[in-house]
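Student: I would like to go through this structure and ask what each label rests on. Please set the values against the cut-offs as we go.

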Amino acid sequence: DWKTGRATSKNISLQLSCYAMYAQDKWGVKPENIRLVEYNLLSDQKAEFIITEDEIKNTTSYIKGSVADMRSLLRDVDNNVPKDEKIFKKIEDERIRDRCNFKKVCHL
C-alpha cells in the first residue's frame with residue numbers, strides 16, 4: 001500500500017487486512033504466506049506486517065458490523081431506500097460541518 005502523507009502505521013491497518021482477505025479469497029493464499037507492505041513515499045519508509053487468522057476474523061467482524069450499521073439506516077434494504085431524513089441528526093458543530101463533503105444534500 002502506497003502512502004503519500006502520513007507516517008507509516010505501527011499496526012496492520014484495516015485497509016491492509018482487507019488486501020490480505022482478498023488474497024486469501026481470490027488466490028487461496030494462507031495468512032502466514034501473505035506479506036503486507038506499507039510504503040510511505042514522503043518519508044521513504046517501508047513497514048512490513050504479518051497477518052494472522054485472528055486479525056482476518058476481526059476485520060471480517062468489523063466489516064459485517066459496518067454493513068449492519070448502514071443497513072439499519074435503510075427503510076428498504078433491497079432497494080437501498082433510506083429511512084425518513086428526520087431521523088438523521090444534523091451536526092451542529094461548525095468545525096465538523098465545514099469539512100463535510102456532502103453539504104449539497106444538507107439543508108443548513
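Tutor: Start with Lys103, which is found in the segment after α3 (94–98). The model is a predicted one.

Student: Why is Lys103 called partly exposed?

Tutor: The relative accessible area of Lys103 is 39%. Buried means under 20% and exposed means over 50%, with partly exposed in between. Lys103 is therefore partly exposed at 39%.

Student: Which residues does Lys103 touch, leaving aside those up to four places away in sequence?

Tutor: Lys103 touches Arg97 and Asp98. A contact means heavy atoms within 4.5 Å.

Student: What is the place of Gln15, and why is Gln15 called partly exposed?

Tutor: Gln15 lies in helix α1, residues 14–27. Its relative accessible area is 32%.

Student: What does Gln15 touch beyond four places in sequence?

Tutor: Gln15 touches Asp1 and Lys3. Gln15 and Asp1 are 14 residues apart along the chain, and their C-alpha atoms are separated by 8.5 Å.

Student: Where is Ala47, and what makes it buried?

Tutor: Ala47 is found in strand β3. Its relative accessible area is 13%. The cut-off for buried is under 20%, so Ala47 is buried.

Student: How far apart are Ala47 and Phe88 in sequence and in space?

Tutor: Ala47 and Phe88 are 41 residues apart in sequence, and the C-alpha to C-alpha distance is 40 Å.

Student: Why is Asp44 called exposed?

Tutor: Asp44 has 55% relative accessibility. Exposed means over 50%, so Asp44 counts as exposed. Asp44 is found in the loop between β2 (35–40) and β3 (45–50).

Student: Where is Asn80, and what is its phi?

Tutor: Asn80 is found in the loop between β4 (74–76) and β5 (81–82). Phi of Asn80 is near 55 degrees, again a positive value in a residue other than glycine.

Student: Is Asn80 buried or exposed, and how do you know?

Tutor: The relative accessible area of Asn80 is 56%. The cut-off is over 50%, so Asn80 is exposed.

Student: How many disulfides does the structure hold, and what would count as one?

Tutor: The structure holds 0 disulfides. To count, a pair of cysteine sulfur atoms would have to lie within 2.5 Å.

Student: Why are Cys18 and Cys100 called partly exposed?

Tutor: Cys18 has a relative accessible area of 28%, and Cys100 has 31% relative accessibility.

Student: How many helices and strands does the protein chain have, and how do they run?

Tutor: The protein chain has 3 helices and 5 strands. From the N terminus on, the order is β-α-β-β-α-β-β-α.

Student: How does the radius of gyration of the protein chain stand against that of a compact globule?

Tutor: For a compact globule of 108 residues it would be near 13 Å, but the protein chain has 19 Å. The C-alpha trace spans about 50 × 35 × 20 Å along its principal axes.

Student: What share of the residues in the protein chain is buried?

Tutor: Buried residues make up 19% of the 108 residues. The protein chain exposes about 9,000 Å², and carbon and sulfur atoms supply 53% of that area.

Notes: Residues numbered from 1 in each chain as written. Predicted model: local features only at pLDDT ≥ 70, side-chain atom pairs only at ≥ 80, totals over all residues. Heavy atoms only, no water. Helix = DSSP H or I, 4+ residues; strand = E, 2+ residues; numbered from the N terminus. Buried < 20%, exposed > 50% of the residue type's maximum accessible area, 1.4 Å probe, protein only. Rg over C-alpha atoms; globule rule 2.2 N^0.38 Å. Areas by Shrake-Rupley, 256 points an atom, 1.4 Å probe, with all protein chains shown as cover.
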